[in-house]
Amino acid sequence: MRKAKRAFLGTFMAAALVISGCGSKSGKNNEEPVDVSALPEAGDFSEEVALNLSGSFTRGKAKDGSYVQNRLEEQFNVKIKNTKVDTWDAEQTNLMVASGDLPDTFSFTAGGQTAQEMFDSGLTRTIPKEMLEKYAPRYMKMLEENQPGPIMNLKEGSDNEYLQLLGQYAHVDGLAWGPTLRLDWLEKLGFETPGKMKAVGPSGGREKIYFTESAYTIEELEEILKAFTFNDPDGNGKNDTYGLLPANNNLNWATSLMGAFGLGTEYNFIENDQLVRMEVSEKYKEFLKLMAKWYKMGIIDPEFTTLDEKMGWEKYKTGKIGYFIAQPSYLAMDDWARGRAPQNIVENPDSTAKILATAPEIGPDGQQGLKAYLPVVNLADSFYIGKKVTDEQLARILQMFDYINFDNNARWTVFGEVGEHSEWEGEPNKSALKVKPGLSLEEGDTGFWAYNFRTYDKERVQWINSEYTLKLKDEFYAREDVKEKMLIRPYKWDLLNQTKLKELEKRYSGQLNTIVDEFRMKAIVGEVDIDKEWDKYVENWMKNGGKELLEELDKAPLVTDLLQGKQ
């Protein structure tokens, strides 16, 4: 779930790459084959190797001689040069790319270029499969266990050279979101809960947040939202509450509502025997008509057109909204989610509000679910090796990469030693780890996270989530039968970069997003008649690049095939 700011000065960068000699493709695909047998054996660190390192969390705050740096240098006999650039800052990384002065390892994007484009531009080198098998066996095992991992990010025309390394995203496994309702309002207005419910936790506000794996239907939810709006649920004698508060900058608010129609944003499926994108499907049209109906009824807060998601959290905290979407970590009141709705309304110890989280709503045709956070497999992100890295350096990098990111004995690289640098939040080995007060959480004197990639297996997910989040995911949100039934995936996806979709998306996404966003807003608030204007909207989307996108998308492999490791 990467949060980096990635605004990119395209014209500047294109010119800069040419000036720096990185713009040409000539010779970039003619690397000499690597003789792995001539390289040191795995674990042979007899020769010191100098490396300039950065990772997913490099913010320019690394201090030379940190705890983690010293331990890694001793363990792997390396001399580390720290990257003193904030790799989450687009301007700083753009300048690095333009100058060609890149670290040996990096995970920031470079102007929206694909991994193949970065290689062709002379920014990166390839990573031979044979070297990965020799020096990063844990990583290769992870790929095998997450099909089609072994065939992702191969260099064009190759079956044994990778353009980048991938991260395992076990932290997004399962349903990323779910609906919540004001439980105290439901009780006051006489609504029955849809199933057995229990508190998320015993204290700290969690005792006011309840969960049930049962769900309301869309029709039942509509009645509840009407009552939340018109029946004075807060008892102040004023008509000042609303059932639903959308956001004007994304569709997170509608994730489970759209799931009731079988929809996931930007996903595709077969409708009327044709491949369609969600945004121009009949199912999406029906979803918009329902939202327009609710807006006309008055159960959607009309102020939503001026509020983004963060502003919506603040509006929710005033106690005037009855429904909100939430991630499991929000319900568990994890530290990083403090201040977000719906937990922000129970954070105050004096609050009498209560929250009920339910399973996703059940739609008109019995559909129930949510868009999968990642469309095919829980592999994502990019860890690159700089063009100037030698085979000997790469051998050492891969062994460090494999240990730091895939050997869980390397926990000290992110939390130090338990007892000395960190403590368990709750039960040892079954709750989150917390760095002790006064110590640097990232980089600084500790060096925590300074060289790590963004990758988490199930054990590492435990280190960064409270026991209450883990329990919610185990009991429902990431339960195997729930995932099988409720995760919505696209029909086709160009995961292996076999089509020209990325090129077309760069060309058309701006204008297509504008068309979709404007129509959605006007449709919901009643400025357009959806039935009358629908065909015109679809035609506009098609002629502004949508038709080309669908034609190219049709060349992509089936997601069902990809999940079986088929090309």
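Being a predicted model, it is read with limits: local features need pLDDT of at least 70, side-chain atom pairs count only at pLDDT 80 or more, and totals for chains, interfaces and linings use all residues. Residues are numbered from 1 along each chain as its sequence is written, and side-chain values use heavy atoms, with hydrogens and water left out.

Six strands form an open sheet in the order 8-9-14-7-13-10, and the pairing is mixed. Strand 8 (198-199) and strand 10 (242-244) sit at the edges with a single partner strand each, so one side of each has no neighbour in the sheet. Strands here are DSSP runs of E with at least two residues, helices are runs of H or I with at least four, and both are numbered from the N terminus; two strands pair if DSSP finds at least two bridges between them. Strand 9 (residues 209-211) runs parallel to its partner, strand 14 (residues 355-357), over three bridges, and Y210 faces L356 of strand 14. Lying across strand 7 (178-182), strand 13 (321-326) and strand 14 is helix 11 (residues 309-317), at about 140° to strand 13.

Next, a pair of helices. The axes of helix 10 (residues 282-297) and helix 19 (residues 530-553) come within 11 Å and cross at roughly 145°. Axes are lines fitted to C-alpha atoms, for helices over the stretch in contact, and angles run from 0 to 180 degrees between N-to-C directions. Contact itself means heavy atoms within 4.5 Å. On the helix 10 side it involves E282, Y284, K285, L288, K289 and A292, and on the helix 19 side I530, D531, W534 and Y537. By class, that makes six nonpolar, no polar and four charged residues (Ala, Val, Leu, Ile, Met, Phe, Trp, Tyr, Cys and Pro count as nonpolar, Asp, Glu, Lys and Arg as charged, and the others, Gly among them, as polar).

A few backbone spots stand out. Most residues other than glycine have a negative phi, and most peptide bonds are trans. The bond from Q147 to P148 is cis, with omega near 5°, and P148 is in the loop between helix 6 (137-145) and strand 5 (161-162). That loop also holds N153, whose phi is positive, near 65°. Another cis bond, from A341 to P342, likewise has omega near 5°; P342 is in the loop between helix 12 (328-331) and strand 14.

On a 1 Å grid over the protein atoms alone, a cavity is a set of points where a 1.4 Å probe fits but cannot get out, while a pocket is an open set with protein on both sides within 12 Å along at least five of seven lines; lining residues have an atom within 4 Å of a point. Grid points are joined across faces, edges and corners, and a volume is the space filled by probe spheres set on the points. The second largest pocket has a volume of about 460 Å³. Of its 21 lining residues, D173, N378, K483, L487 and R489 lie nearest the centre. The largest cavity holds about 80 Å³, and helix 13 (residues 391-406) gives the largest share of its lining, four residues.
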